[in-house]
Amino acid sequence: MTTALPGGASALSVLRRIASGRPAPADGERCEMCAEPISEAHQHVVDVESRTLMCTCRPCYLLFTESTAHLRYRSVPERYHSFPVFQLGPGQWDELEIPVGLAFFFHNSKQGRTFAFYPGPAGATESELPLGAWDAVQAGNPALAIAAPDTEALLIRAPGPERAQADCHLVPIDACYELVGQLRRVWRGFDGGQQAREQLVVFFDKVASRSKPAPAAPAPAGAAAAVSADPAAPEPAPAAAEGAGPHD
């Protein structure tokens with residue numbers, strides 16, 4: 001039976017009119033928070049609890065840039081840093097038990113530990129990171145502590161035929177997943193093959209062009225006291241202001 005509404009219209013005719021009047025879904029991606037259309041080049045927010053990335057519009061992204069707030073979501077910063085004096089001693093990469101020469105490391109605030117992922121034919125593969133081995137890398141490179149938990153990663157290439165020394169960059173964590181996705185499409189064999197190596201060269205050239213040298217780690221309190229106690233010691237130069245925040 002058709003129900004009549006005031007004015008003589010039926011419920012069925014009203015529903016048909018509403019359905020026919022809806023705008024067609026917009027092509028392309030939408031913000032995963034407010035459903036607004038977003039461009040292909042957009043920003044991301046991390047769901048800290050589920051460790052997933054969410055595509056967002058700029059207004060939603062800006063809601064979660066306060067790093068000291070206790071929030072479930074965190075905006076992924078846009079800064080890139082290099083570590084020109086990065087130290088990775090002989091055998092330290094092997095101690096990390098990562099089977100390929102590239103990995104990214106990030107600190108998970110919920111679990112209170114660092115995770116390591118490396119690329120492969122299945123995408124990003126988690127490594128069971130020996131905590132003692134990673135602690136030794138951090139102890140030798142105190143400047144690595146600037147990486148923000150959950151949203152920034154330390155991307156490390158091990159020494160190899162093309163490089164006598166390891167190198168390390170601080171990058172947004174979404175850049176790491178972008179790289180892993182690119183490598184997955186071309187990965188061949190155990191080490192990725194020639195196409196994967198070419199992709200890595202292009203990616204690291206891009207990272208290097210965007211990176212600024214990371215600020216030096218502050219000196220230990222004891223060392224600072226010793227310097228100030230020596231009247232003959234020259235006054236330290238003022239530290240450069242660190243302009244990197246959630247965004248450049």
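The legends below describe close-up views of a predicted model.

**View A. The open sheet has 7 strands in mixed pairing.** The strand order is β7-β6-β5-β8-β9-β4-β10. Strands β7 (125-127) and β10 (212-213) stand at the edges, each with a single partner strand, so one side of each is left without a neighbour in the sheet. Helix α6 (residues 193-210) packs on this sheet and touches β5, β8, β9 (167-172) and β10. The direction of α6 makes about 75 degrees with that of β9.

**View B. Strands β5 and β8 pair within the sheet.** Residues 102-108 make up β5, and residues 152-157 make up β8. The two strands are antiparallel and share 4 bridges. F105 stands opposite L154 in β8. Strands of a sheet pair through backbone hydrogen bonds, either parallel or antiparallel.

**View C. F106 stacks with F115 and with F117.** The model has 7 aromatic pairs by the ring-centre criterion. One of them is F106 with F115, with 5.9 Å centre to centre and 20 degrees between the planes. Planes under 30 degrees apart count as stacked, so this pair is classed as stacked. For F106 and F117 the ring centres are 6.0 Å apart and the planes lie at 10 degrees, so this pair is stacked as well. F106 belongs to strand β5 and F117 to strand β6 (residues 113-118), so the pair ties together parts that are 11 residues apart in sequence. F106 and F115 are buried, and F117 is buried too. A single aromatic cluster is formed by F104, F106, F115, F117 and Y177.

**View D. Arginine side chains sit over phenylalanine rings.** The charged end of R113 is placed over the ring of F115, 3.9 Å from the ring centre. F115 is also the stacked partner of F106. At another site, the charged end of R157 is over the ring of F204, at 3.8 Å from its centre.

**View E. Helix α4 has a buried face.** Which residues of α4 (residues 131-140) are buried? They are A133, W134 and V137. Seen down the axis of α4, these buried residues fall within an arc of 95 degrees, so they line one face of the helix. An α-helix has 3.6 residues a turn, so residues three or four places apart point the same way. The elements covering the buried residues of α4 include α3 (92-95), β5, β6 and β8. On the face turned away from the buried side are the exposed residues G132 and A139.

**View F. Strands β1 and β2 form a hairpin.** Strand β1 (residues 43-47) and strand β2 (residues 52-56) run antiparallel and are joined by 5 bridges. H44 stands opposite C55 in β2. There are 4 residues between the strands, and R51 takes a positive phi near 60 degrees.

**View G. G181 of helix α5 and G123 are brought together in space.** Helix α5 spans residues 173-186 and contains G181. The relative accessible area of G181 is 26%, and the residue is partly exposed. G181 and G123 are 58 residues apart in sequence, with a C-alpha to C-alpha distance of 6.3 Å.

Technical notes:
Residues numbered from 1 in each chain as written. Predicted model: local features only at pLDDT ≥ 70, side-chain atom pairs only at ≥ 80, totals over all residues. Heavy atoms only, no water. Pairing = 2+ DSSP bridges. Contact = heavy atoms within 4.5 Å. Axes fitted to C-alpha atoms, helices over the stretch in contact; angles between N-to-C directions. Phe/Tyr/Trp six-rings, centres within 6.5 Å; stacked < 30°, edge-to-face > 60°. Buried < 20%, exposed > 50% of the residue type's maximum accessible area, 1.4 Å probe, protein only. Lys NZ or Arg CZ within 6 Å of the ring centre and 35° of its normal. Arc of directions from axis to C-beta.
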